[in-house]
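Subject: Structure for you to look through

Dear colleague,

I am handing over the structure we spoke about, and below it you will find my notes on what was found. Please read them with the structure open beside you.

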Amino acid sequence: SLYICHFQKYILRIFLSMKKSPNMFPKSFFTLLILFILSTAVYGGRVIVDQSSSDLVSDGVHGGGGRNSTSTGREGAIISLFAAPVEEACEQSYGFLPCTKTALGNVFLIIVYGYLMFTAATYLSSGSELLLEILGPGLIGGLFLPILGALPDAMLILVSGITGSAAEAQSQVSVGIGLLAGSTVMLLTVIWGTCCIVGKCDIENSTAVDLKDTKGLSLTGSGVATDIWTSYAAMIMAISVLPFIVVQLPQLFHSNSGRHLAVLIALIISLSLLLSYCLYQVFQPWIQTRKLAYVKHKHVISGILKHLKKHALGRLFTDHGTPNIEVLEKLFNAIDENGDGHLSHSELRALVVGISLEEINLEEDDAIAKVLKDFDTSCDDQVDMQEFIDGVEKWLYEARSSNGSSAQAGPNTINYIDDFHEETRREHSLLGEDQSDEIVEGVENPRKVAIKAALLLLLGTIIAAVFADPLVDAVNNFSSATSIPSFFISFIALPLATNSSEAVSAIIFATRKRKRSASLTFSELYGAVTMNNLLCLSVFLAIVYTRGLIWNFSSEVLVILIVCIVMGILGSIRTTFPLWTCLIAFALYPFSLALVYVLDYVFGWL
């Protein structure tokens, strides 16, 4: 047929351009293109017989007897397997891309178009990382990069409901909701559990030890540990399901009148949460830096107090719970080596010796500056006796109050200094390592890298926009040919295309078996789900509202709520995940599929 000729010319042009620039595409892409070209023989070899003419020449497939002729059994079986009946016709995307009504043909198209969407996601990811190298975090890392990561999913959801009549859109949006649910469930179950397994280390003292993996597949003695920011990401992910709850309220109260309004309210909430999340991502590095600086300051305080306690000629607290001034004066005189009544920089250095500053990546001069900031109220760059006593007294009260003690102190009050020191070490561990210890290499040719990043982003966006519609059509055609609901096809197959790049990157990063890499891996997974719940849902709700479609996705929403809330709570209340937690994640995937099937086809929630 004519469209095959156009398509072959189109593929030939692409092939020739790739030969000129072979580094632009992965090598496996050549194999798929060749298979794609060969597949035209299957479609092109199907001859549609004109029943109105009796003067026919045998084509070697059909009999030569015109209307009454029949093909042989073997030949007929081959043709019926790959070709649709004569009376059925499929609509070609853009007038030249191949289409078919057969099951196997659509499987092939789903694989090819899915690979192209995977390629688009890879280009978008690579371009985003290059931009991040040039411009750094903040606006790019917090806003631009997460949106680009969700772009392929958003494109597929958009084309699933924007084309055709309202009735056709109502039928096709099941592909969009299937992709939305499938991406969320796959990331939080299969990928989350896999990252937990490949990144496992030995668990000692309730945390995973970097690069130590000697306990095998112990369900309780092996696992991964993350920082507190990852727990915050899990909390945000759990909160992001709020629009799903809002849009589902009319069905919950069996009301039909408020469904359209509920969609609009959910859309507004979803967009508001999306904006808030993007702002949080933009300012999160600044928040993290401030929080880490505060904890480092507490570590200096606790370390110095512990040092003073060790070298004090008596107890720092009296039996009445007040600072022991006599002991503090003796400490001051011991530190004041030249006896001039002031502590200089060099004399204050004795205070910070032995604090284990390397644990928090802090230099001695920085620690001395923190001491001066708290003690030197006269701003003369030295500390006199009264300033020293007042400063230590303030620190002692802070250490005691942080442990929830009462104002009435007893003989064991000094133990709070040890508790305070352990608390600050634990807080620093939860916050993660400081990013300043990483060597940041400058980009040699920023202009060239920026152009490359822009081209990758443009190419990825074009591929995602062009092939999203054919992929949705192929899913719908396969659903019609096999009578399998399109939701289950898009739930299982499409996330493999749109999230494979992200999933492979997360799994590879988790294999580094460090707390930092585990934190970044799980934060990325939680962030991807949050963008699904906000950006992709906003696109979906906008389609439903503007086209006047009916929201009847109760079982799908329930699955998303269950998985997000369960994994969100698990990620929020824990920073260490033994291997038994990945069993919960893995079990949620088949549970989700079974739940949708039971609710829709047993209880009739459709």
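Ser 555 belongs to helix α21, which covers residues 554-573, and please keep in mind that the model is a predicted one. Is Ser 555 buried or exposed? Its relative accessibility is 1%, and because buried means under 20%, Ser 555 counts as buried. If neighbours within four places in sequence are set aside, the residues in contact with Ser 555 are Val 596, Leu 599, Asp 600 and Trp 605.

The largest nonpolar core is made up of 108 residues, and Trp 192, Phe 522 and Trp 551 are those with the most contacts inside it. Helix α20 (residues 515-546) provides the largest share of this core, namely 16 residues. Apart from this core lies another one, of 27 residues, which include Leu 328, Ile 368, Ile 389 and Leu 396. As for Trp 551, its contacts beyond four places in sequence include Val 247, Arg 259, Phe 540 and Val 557.

Finally, there is the second largest pocket, which holds about 760 Å³ of space. Its lining consists of 32 residues, and Glu 168, Ser 171, Gln 172, Ser 174 and Asn 476 lie nearest its centre. Helices α7 (166-198), α16 (446-482), α17 (486-492) and α22 (580-601) each supply at least two residues of this lining, and α7 gives the most, with 7 residues. By kind, the lining residues of this pocket divide into 11 nonpolar, 14 polar and 7 charged.

With best wishes

Key: Residues are numbered from 1 along each chain as its sequence is written. This is a predicted model: local features need pLDDT of at least 70, side-chain atom pairs count only at pLDDT 80 or more; totals for chains, interfaces and linings use all residues. Side-chain values use heavy atoms; hydrogens and water are left out. Helices (H or I, at least four residues) and strands (E, at least two) are DSSP runs, numbered from the N terminus. Buried means under 20% relative accessible area, exposed over 50%, partly exposed in between (1.4 Å probe, protein chains only). Contact means heavy atoms within 4.5 Å. A nonpolar core is a set of buried Ala, Val, Leu, Ile, Met, Phe, Trp, Tyr and Cys residues joined through side-chain atoms within 4.5 Å. On a 1 Å grid over the protein atoms alone, a cavity is a set of points where a 1.4 Å probe fits but cannot get out, and a pocket is an open set with protein on both sides within 12 Å along at least five of seven lines; lining residues have an atom within 4 Å of a point. Grid points are joined across faces, edges and corners, and a volume is the space filled by probe spheres set on the points. Ala, Val, Leu, Ile, Met, Phe, Trp, Tyr, Cys and Pro count as nonpolar, Asp, Glu, Lys and Arg as charged, and the others, Gly among them, as polar.
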